[in-house]
Amino acid sequence: MLLAMGKKQHSKDRMFITKTKWATEWGGAKSKELSTPFKRLPFYCCALTFTPFEDAVCTRDGSVFELMQIMPYIKKYGKHSVTRVPLKQADLIPLTFHKNSEGWSSLLFALK
């Protein structure tokens, strides 16, 4: 007796990866909670304008901002521009950068 070799013999063989398989087995699902809008900024750039800063301040989570750029943003929105959590002007920590003779920068700050 011969077995029929029709279309339905390999009905589970798919030539593509399903959405569920991609998300669970192939690493396609990324946590939206841990993602940020950018990778890493250089240490001398503002997280709001992405430009080098003159008067730097930072938040408790380590985001560095230009003082003159973040103040109007906080007054208007009342939120952290990166994490979107509520932020007040009193939460900003002033930073002081110094350059030594080789041009390397060092960072000084004081926590309240």
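Y73 is buried, with a relative accessible area of 18%; here buried stands for under 20% relative accessible area, exposed for over 50% and partly exposed for values in between, using a 1.4 Å probe and protein chains only. The model is predicted, with local features requiring pLDDT of at least 70 and side-chain atom pairs counted only at pLDDT 80 or more, whereas totals for chains, interfaces and linings use all residues. Residues are numbered from 1 along each chain as its sequence is written, and side-chain values use heavy atoms, with hydrogens and water left out.

**Overall layout.** The protein chain contains 2 helices and 4 strands, arranged along the sequence as α-β-β-α-β-β. Of the 112 residues in the protein chain, 20% are buried. Among contacts in the protein chain with a separation of 6 or more, 24% join residues 24 or more positions apart, a contact being heavy atoms within 4.5 Å.

**Cores.** A nonpolar core is a set of buried Ala, Val, Leu, Ile, Met, Phe, Trp, Tyr and Cys residues joined through side-chain atoms within 4.5 Å. The largest one has 10 residues: C46, A47, V57, F65, I70, Y73, I74, V82, L87 and L92. Helix α2 (residues 67-77) gives the largest share of this core, 3 residues. A second, separate core has 6 residues, including F53, A56, C58 and I93.

**Helix α2.** The buried residues of α2 are I70, Y73 and I74. Viewed down the axis of α2, they fall within an arc of 100°, so they line one face of the helix; the arc is taken over directions from the helix axis to the C-beta atoms. On the other side of α2, the residues M68, K75 and K76 are exposed. Strands β1 (56-58) and β2 (64-66) are among what covers the buried residues of α2. After α2 comes G78, with a positive phi near 70°.

A search of the whole structure returns 1 aromatic pair. Y73 and Y77 form this pair, which is tilted, at 4.7 Å centre to centre and 45° between the planes. Rings of Phe, Tyr and Trp (its six-membered ring) pair if their centres lie within 6.5 Å, with planes under 30 degrees apart called stacked, over 60 edge-to-face and the rest tilted. Y73 and Y77 are 4 residues apart in α2, and so are separated by about one helical turn.

**Loop residues.** S81 sits in the loop between α2 and β3 (93-99). Leaving aside neighbours within four places in sequence, S81 contacts L48, F65 and Y73. C45 belongs to the loop between α1 (19-24) and β1. Not counting residues up to four places away in sequence, C45 touches F50, T51, P52, F53 and V64. C45 and S63 are 18 residues apart in sequence, with a C-alpha to C-alpha distance of 9.9 Å.

Relative accessible areas of selected residues are listed below.

| Residue | Relative accessible area | Class |
|---|---|---|
| C45 | 10% | buried |
| Y73 | 18% | buried |
| Y77 | 47% | partly exposed |
| S81 | 11% | buried |
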